[in-house]
Number of protein chains: 2
Amino acid sequence: MPEITKNQLKHIRLLKQKKYRQEFGEFLIEGEKNIEELLKSNFKINALYATSDWNYTNCKEEVTLVTTKQLSQISNLSSPNKVLALVKLPINEYNESILKNDLTLVLDSINDPGNLGTIIRTADWFGVKNIICSTDSVDCYNPKVVQTTKGSLFNVTVHYQELSTILANTSNKIYGAALDGEEINKDFSPQKPSILLMGSESHGISEEIENFVTDKILIKQNGKAESLNVAIATSILLYQFTS
Amino acid sequence: MPEITKNQLKHIRLLKQKKYRQEFGEFLIEGEKNIEELLKSNFKINALYATSDWNYTNCKEEVTLVTTKQLSQISNLSSPNKVLALVKLPINEYNESILKNDLTLVLDSINDPGNLGTIIRTADWFGVKNIICSTDSVDCYNPKVVQTTKGSLFNVTVHYQELSTILANTSNKIYGAALDGEEINKDFSPQKPSILLMGSESHGISEEIENFVTDKILIKQNGKAESLNVAIATSILLYQFTS
């Protein structure tokens, strides 16, 4: 197995930043479980770096050997886990026909990588195939997002689009989660096809986008908390909309 | 206003560790919003440290002035926010009568502070008053947990108990979330009073505890993700059980 060079080390470290991911057209995926899912997916692997104790018998890709120390230098994890891949950035071409699906999830200005990663993972659980994010949302190829998705990035397509253009041109019901929305419980049935629109944790749905909402909804509250975490609220609503 | 001493700085830093929180009988709460909730609660404040730009007109407690630099030395936040309080550790005496509530949430070995904090916040939203954690679970007075609860720690009581003793002595239905459980959707109605038991993200419900489960349940899956984050799964089930 070939060994990693200093230039490769430098290159990989740059991929932690969005501008270099876009410049080089690739991103990082780490850890045994994620790489196992990656190898089963259609994503194109540009390079694989692994420590000598990594054992994946079905891997047909060329593997570059790294020491534990080198892996920790290129890894974003506090406990690097045997293997890291450079993966070609997929080109997710947006086509409005995806709005014909029963449910499309639309995210307005989600900034926290952990929240976006968790939402992608939950969307995958419930079979939601497409998420449309506002262009100012956190990049889904951010290493923390990728890690949190636990492999669900291979099953869910994340688009970055001007939300106002999309929402202005659909006849779908647009359900927007809002603290002044109508309370819903498990008896609620959304129209299909529908859009579920979630806003940022600190500001909710932005003013410009709120105008497109046809139905403001709120998960029924029986206690005292002022709000729910956005990944939690999104997940409960995905359950309600798909269950 | 008095100023902070070196000994106080040292004392506060020690409170990041559970053993010192227990030794000193106090824990930290930070940030304007949390302190606002704290001042409305029944929790006893031992000390308040604030920068000169903190403005809380209804505060009747004595305030010790700190510089922004000093606040960052005692804070656990990457962006410290004006005020920090030392709060007396509450004594949460466990009484089995809490199991007479419609729903009690029981957590087996939750280790991630963010997950526990989010679960406490969601439990508060849905009006669940008590959470029972196994004794090896993360401490709910851990600074990261406190921060993630967004003030819900004042409304939800978290007990640390030997789960096997409690579960062996109740006639409540015990619903345990498990990947080999029976799939439930929004038509599911739990018996009351009931216990909802959640296991750790990596290992699920431990073998010893699993024997007490009367009904294994799984949130119905329509997609490909192998599992849900434990805070997400707990939140969806809390919605289903209380909605």
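Predicted model: local features only at pLDDT ≥ 70, side-chain atom pairs only at ≥ 80, totals over all residues.
The size of an interface is often given as the accessible area lost when the parts come together. For chain B and chain A, the buried area is about 3,400 Å², and 57% of it lies on carbon and sulfur atoms. On the side of chain B, the residues that lose the most area to chain A are B:Trp125, B:Lys186 and B:Tyr239, which together account for 27% of what that side buries. The contact draws on 37 residues from chain B and 37 residues from chain A.

Polar interactions were also counted across this interface. Between chain B and chain A there are 31 residue pairs in polar contact, with both residues at pLDDT 80 or more. Five elements of chain B give two or more residues each to the side that touches chain A: the helices α3 (32–40), α5 (113–125) and α9 (230–242), and the strands β8 (173–184) and β10 (215–219). The largest share of that side, seven residues, is supplied by α9(B). Sorted by class, the side of chain B that touches chain A comprises 13 nonpolar, 15 polar and nine charged residues. Four salt bridges are found across the interface of chain B and chain A. A salt bridge links B:Lys33 to A:Glu226, with 2.9 Å between the closest N and O atoms.

The two chains are related by symmetry. Chain B is superposed on chain A by a rotation of 180 degrees with 0.0 Å of shift along its axis, and the RMSD is 0.0 Å. This is therefore the relation of a two-fold axis. The residue of chain B that comes closest to the rotation axis is B:Ile236, whose C-alpha lies at 2.6 Å. Both copies use the same surface, since 100% of the contact residues of chain B recur in chain A.

Turning to the backbone, most residues other than glycine have a negative phi, and most peptide bonds are trans. In chain A, the peptide bond from A:Lys192 to A:Pro193 is cis, with omega near -5 degrees. A:Pro193 is part of the loop between β8 (173–184) and β9 (194–198) of chain A. In chain B, the bond from B:Lys192 to B:Pro193 is likewise cis, with omega near -5 degrees, and B:Pro193 belongs to the loop between β8 and β9 (194–198) of chain B.

Positive phi values occur at two lysines of chain B, B:Lys82 and B:Lys150. For B:Lys82, phi is about 65 degrees. This residue sits in the loop between α4 (68–74) and β4 (83–88) of chain B, and B:Lys82 is partly exposed, with a relative accessible area of 25%. For B:Lys150, phi is near 50 degrees. B:Lys150 lies in the loop between α6 (143–149) and β7 (157–161) of chain B and counts as partly exposed at 48% relative accessibility.

In chain A, A:Val83 is a residue of strand β4 (residues 83–88). A:Val83 has a relative accessible area of 0% and is therefore buried. Beyond its neighbours within four places in sequence, the residues in contact with A:Val83 include A:Ile29, A:Ile35, A:Leu48, A:Tyr49, A:Trp54 and A:Leu71. The C-alpha atom of A:Val83 is separated by 9.9 Å from that of A:Thr68, a residue 15 residues apart along the chain.

How values were computed:
Residues numbered from 1 in each chain as written. Chains lettered and ligands numbered in written order. Heavy atoms only, no water. Contact = heavy atoms within 4.5 Å. Buried area = accessible area lost by both parts, 1.4 Å probe. Salt bridge = Lys/Arg side-chain N within 4 Å of Asp/Glu carboxyl O. Polar contact = N/O pair within 3.5 Å; in protein donor to acceptor, adjacent residues only side chain to side chain. Helix = DSSP H or I, 4+ residues; strand = E, 2+ residues; numbered from the N terminus. Nonpolar A, V, L, I, M, F, W, Y, C, P; charged D, E, K, R; others polar. Least-squares fit on C-alpha atoms with pLDDT ≥ 70 in both. Buried < 20%, exposed > 50% of the residue type's maximum accessible area, 1.4 Å probe, protein only.
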